[in-house]
Every structure is written in structure tokens, then in C-alpha cells.
Amino acid sequence: MHEREKTMKRQIITIDETKCTGCGECIPGCPEGALQVIDGKVRLVSDLFCDGLGACIGHCPTGAMKIESREAEPYDEKRVMHESIAKGGPNVIAAHLSHLIEHNEQVYLQQALEYLKEQGIANPLPSSSAHAPHNHGAHGGGCPGSKMMDFRDSGSSSGAAPAHPASLQVSALRQWPIQLHLVSPQAPYFQGSDLLLAADCAAFAVGDFHAKFMTGKSLGIACPKLDSDMDIYVDKLAAMIDHSNINTITVVIMEVPCCGGLMSIVAEALKRASRKVPVKKVVISLKGETLSEEWV
């Protein structure tokens with residue numbers, strides 16, 4: 001078996017409970033709301049949604065938080081339940097289940113419930129909340145602008161080509177967030193999808209960008225010149241290829257030389273991944289014209 005089928009590089013927050021005072025100062029800095037104060041300590045209630053950016057670390061007054069970079073197995077809900085969540089007790093379990101419900105992770109939710117049943121552990125959530133969004137309350141935290149949302153079945157965006165005049169075009173966006181540092185490779189909207197990886201500037205140059213490139217595709221945006229930690233991008237794309245089974249990658253870049261870095265990121269991800277997927281390269285002029293479009 002290819003090594004990438006077993007492990008992937010992952011950055012994740014770790015918390016030293018002996019230093020944590022439960023002040024909650026770190027919680028507003030968590031983009032995905034994966035941190036909560038439970039039983040007097042800050043807990044990482046969702047290993048799945050921790051993006052490892054470390055925005056929370058600067059708010060911790062006691063130095064209880066750090067980023068750990070490690071080779072990790074693909075996300076396994078029952079393993080996470082066994083190794084960390086269940087050990088935290090009923091309140092941590094309830095927070096974790098609620099987080100899965102809020103992010104519409106029905107597959108992982110069912111796996112978590114199966115684990116509880118297998119271990120003879122009572123489900124701390126009311127049965128009526130099994131499929132309903134949960135309000136985390138005052139300590140739920142997280143930046144609403146980075147909260148994971150899947151628009152495919154909500155009516156916010158059908159993913160179909162806009163049928164309105166150009167001045168009234170509807171969005172073809174199927175998800176949130178879209179910035180590559182913020183997205184989770186395990187997000188449901190990446191599963192079996194066609195991925196559009198676009199340079200930040202491209203959508204501003206192309207007047208009909210949504211209709212021309214985004215329809216029916218999951219999306220990630222990045223700037224190879226200004227963004228940091230490119231290796232994280234490579235690992236996220238490799239994880240999407242191997243574990244989310246994306247079908248194709250369309251890379252839309254501008255004609256300026258720095259944009260070519262996106263193609264280098266994709267090429268490196270393909271080297272690290274065990275699967276191979278078709279890649280289309282689209283080059284856009286500064287005036288929004290399509291200069292070239294080819295499978296590479």
C-alpha cells in the first residue's frame with residue numbers, strides 16, 4: 001500500500017490542561033469553532049475541523065496551546081471518540097456530537113453514535129437533536145466568517161448555470177469557507193467532487209467567472225505569491241485526492257508569472273498522493289480573456 005494511503009501530514013492544536021485556566025480567551029480565534037470551555041478547561045471538541053492555523057494561540061495568556069505537526073492517519077471518527085472525546089466525559093461527548101450536527105457531518109455523527117452504542121455509553125444529547133443544528137451558547141465561539149457551510153442542498157446555490165441576465169446572475173458557490181488555508185480536506189462537499197483551484201485575482205478579472213468556471217465544482221482559492229506555508233496547501237490537496245476522492249482539478253491562474261506557483265503546488269500534491277487525477281490548466285489575461293485551456 002502506498003504510504004500516502006496510510007498517513008498525511010497534519011498540523012493540529014494541542015492543549016496542556018495543566019496550564020489551561022479555562023478563561024476562554026482563545027475561543028474567538030478558532031475559525032471553525034472547534035474549541036469550547038467544558039468542565040473548566042478549553043477542549044478541542046473536533047479534531048476533524050481543527051485547521052492548525054494557530055489563530056487561537058496568541059490569545060492564550062498561560063501558554064497552554066501549541067501547534068503540533070505530525071504524520072497522522074486519515075480522520076477516523078471512532079478512533080477519535082475512543083482516544084480523546086469519550087475520555088472527556090458526557091459534556092465533551094455532547095459538545096463533539098453537537099459540533100458534527102452543526103456542520104452537517106451526518107456520516108461521522110452516525111459513526112460516533114455507533115461507537116457509543118458499541119461501548120455501552122449513553123448518548124448525552126436529547127434524541128430530538130440528532131439531526132438539528134445545535135447552538136453552542138456563549139462559549140461556542142468561532143469566527144462566523146470561517147464556519148464551514150455546505151450550500152448544495154440549502155437552496156442558497158443550486159450549482160446550476162445562472163439563468164438570469166448578467167446583472168442578476170446568481171452565485172454558483174457551493175460551500176464556505178473557500179480560502180485554502182481554512183478549508184478542511186475532509187469536508188463533505190469535497191467528496192467525489194470536481195475541484196476548482198483558483199488564483200485570488202482570477203474571479204475579479206473574469207466577468208462571468210461563476211458561470212464559466214464554478215458551476216458544479218467545489219472551490220479553493222489561494223495566492224502563491226502572498227500566502228504562507230505552501231506545504232500545507234500541498235498536503236491538503238494530496239488529502240483531497242486520496243481521501244476525498246476528488247475527480248478532477250481545474251487550476252485557473254492569471255497570466256502573471258507568480259500565478260504559476262499554483263500549478264507547482266498541484267504537481268507536488270500529485271507526487272505525494274497515491275491516486276492520480278486529471279488536471280486542467282486555464283490561463284486568464286489581465287483583461288479577463290481565456291488565453292489557454294488545456295489538460296496537463
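Analyst: Contact here means heavy atoms within 4.5 Å. Keep that cut-off in mind for every touch below. Also remember that this is a predicted model.

Ala64 sits in the loop between strand 3 (41–44) and strand 4 (65–72). What does Ala64 touch, not counting residues up to four places away in sequence? The partners are Thr14, Ile15, Asp16, Lys19 and Cys20. Thr18 is another residue to look at. Ala64 and Thr18 are 46 residues apart in sequence, but their C-alpha atoms are 7.8 Å apart in space. Is Ala64 buried or exposed? Its relative accessibility is 4%, so Ala64 counts as buried. The cut-off behind that step is simple: buried means under 20% relative accessible area.

The protein chain has seven helices and eleven strands. Of its 296 residues, 48% count as buried. Take the contacts between residues at least 6 apart in sequence: 72% of them join residues at least 24 apart.

Begin with strand 7, residues 194–199. Five of its six residues are buried, so this strand is mostly covered. Strand 7 runs parallel to strand 8 (residues 218–222), and five bridges join the two. Find Leu196 in your view: Leu219 of strand 8 stands opposite. Strand 7 also pairs with strand 9 (residues 248–254), in the parallel sense, over five bridges. Leu195 stands opposite Ile249 in strand 9. Leu197 stands opposite Val251 in strand 9.

Next, move to another pair in the sheet. Strand 10 (residues 279–284) and strand 11 (residues 290–295) pair over five bridges. In which sense do strand 10 and strand 11 pair? They pair in the antiparallel sense. Lys280 stands opposite Trp295 of strand 11. The two strands form a hairpin with five residues between them. Within that hairpin, Gly288 takes a positive phi near 90°.

Ser285 also belongs to the loop between strand 10 and strand 11. Its relative accessibility is 5%, so Ser285 counts as buried. What is Ser285 in contact with, leaving aside its neighbours within four places in sequence? Ala205, Met254, Glu255 and Leu291 are the partners. Met254 falls within strand 9, residues 248–254.

Now bring in the helices. Helix 6 covers residues 230–243, and helix 7 covers residues 261–272. The two pack with their axes 8 Å apart, at an angle of about 55°. Helix 6 and helix 7 are therefore oblique to each other. Helix 6 passes helix 7 in a right-handed crossing. On the helix 6 side, the contact is made by Met230, Asp231, Tyr233, Val234, Asp235, Leu237, Ala238, Ile241 and Asp242. On the helix 7 side, the residues are Ile265, Val266, Glu268, Ala269, Leu270 and Arg272. By class, this contact has ten nonpolar, no polar and five charged residues.

Finally, compare a helix pair elsewhere in the chain. Helix 2 (residues 90–102) and helix 3 (residues 106–119) pack at an angle of about 155°, their axes 9 Å apart. Angles over 145 degrees count as roughly antiparallel. Helix 2 and helix 3 are therefore roughly antiparallel to each other. From helix 2, the residues that meet the partner are Ile93, Leu97, Leu100 and Ile101. From helix 3 come Tyr108, Leu109, Ala112, Leu113 and Leu116. This contact divides into nine nonpolar, no polar and no charged residues.

Methods: Residues numbered from 1 in each chain as written. Predicted model: local features only at pLDDT ≥ 70, side-chain atom pairs only at ≥ 80, totals over all residues. Heavy atoms only, no water. Pairing = 2+ DSSP bridges. Helix = DSSP H or I, 4+ residues; strand = E, 2+ residues; numbered from the N terminus. Axes fitted to C-alpha atoms, helices over the stretch in contact; angles between N-to-C directions. Parallel < 35°, antiparallel > 145°, perpendicular 65-115°, else oblique. Left-handed = near helix turned anticlockwise from the far one by under 90°. Nonpolar A, V, L, I, M, F, W, Y, C, P; charged D, E, K, R; others polar. Buried < 20%, exposed > 50% of the residue type's maximum accessible area, 1.4 Å probe, protein only.
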